Amino acid sequence: MTASNPPSFPDMRLELAAALDWWRDAGVDSDFSDDATAWLQSDETKANEGKQEPRARGRDESAQSPSSVPATVPQQAVARIDFFAETAPATLAEFHEFWMSAPGLDAIGPRDRIVPRGVEGADLMVLVLEPEPADRGTLLSGPQGKLLDSFLRACRTDPANVYVASALTRHTPMADTQALAQSGLDTVLLRHIELAQPKRLIGFGAGLVPLLGLDVSHKDKPSRNINHTPPIEDALLSEGLDTLLDMPRLKARFWRRWIEWSALH
C-alpha cells in the first residue's frame, strides 16, 4: 500500500441512504408505540416540528383539575341467561345434543358447531377455548390437534382414553370470555365437565379462566380445584395450543410444568 493508493472507506452518507431505501422498499416507514413516529420524515417536516405555538386557552378551556375530570363510565352489566331453563342435560349424550342444537350458545346458531369427542370418565380431559379455524365436524383437526397428539404420545397417554372438548361451540376470534362467563356460559362449561367425569383436566388457553369460574389474579398457578360434583382437584391450565405452536420456548415450559404436575397428581 502506498500513499498514492489510500485505503477506501465507505461513504457513511451513502450507507445511510441505502439503509433507508431498504426500509422504504420493505414498506416500513414508521415506528409505532403509543403514538406513531415517522422514521423517514422530509427535511421540511422536521424543520416545522415544534414551531407551532400552543393555542391560547380561553376562560372555559383551562386545564382540568383532577376533580373536574369525569369519572370512567362503568360497563353495562351483561344479562345472564339460564341456558338450562327447560331441562339440564342429565347425561353426556344429552349434553352433546344440547351443545349442537341449543340457541344462544353462540351468535350464529346451531349450524356447523363442533361436537366434543372422547369417552365419559376418561383419564384425561383436554379442554381448549375454541375449535381451530379450519375445523369441520372434528374438533382439533389441524395443526393444534397434531401438536396435542404429539404431546399425548410423548407422555404415553392413550388417545382413546382422552376426552377432548372446547368451551365455545365454534372458532370465535377475540372472544370476550369474561362477558361470556357473565352471560351464563360458565354454567354450561362446568356442567359439561361434571357430565364428562374426567379424572384429570388440562385447559389450553388463558381465556378459560373466567369460564371455569376461577380467579383471574391467580391464573399463573399451575393447579386448580374446579368446583363441580365430584370436584376436579387435578387441573392444569396452560397457554393455548396456538400460542405453543408459535412459541417453542413455551412448549418446553409447558412440558416441565406437566412433569411437575404429573408427579404431584
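E239 is partly exposed, with a relative accessible area of 21%, where partly exposed lies between buried, under 20%, and exposed, over 50% (1.4 Å probe, protein chains only). The model is predicted, so to speak of local features we need pLDDT of at least 70, and side-chain atom pairs count only at pLDDT 80 or more, while totals for chains, interfaces and linings use all residues. Residues are numbered from 1 along each chain as its sequence is written, and side-chain values use heavy atoms, with hydrogens and water left out.

The side chain of E239 forms a salt bridge with that of R253, at 2.0 Å from N to O; the term denotes a side-chain nitrogen of Lys or Arg within 4 Å of a carboxyl oxygen of Asp or Glu. R253 sits in helix α8 (residues 248–264), and E239 in the loop between β7 (232–238) and α7 (241–246), 14 residues apart. Helices (H or I, at least four residues) and strands (E, at least two) are DSSP runs, numbered from the N terminus. R253 is likewise partly exposed, at 35%.

I turn to a second pair. D186 and R80 meet in a salt bridge of 2.8 Å, N to O. Here 106 residues separate D186, in helix α5 (residues 177–196), from R80, in the loop between α2 (43–48) and α3 (92–101). D186 is buried, with a relative accessible area of 15%, whereas R80 is partly exposed, at 48%.

How many salt bridges does a search of the whole structure find? The search finds seven. As for the overall fold, the protein chain contains eight helices and seven strands, and 34% of its 265 residues count as buried.
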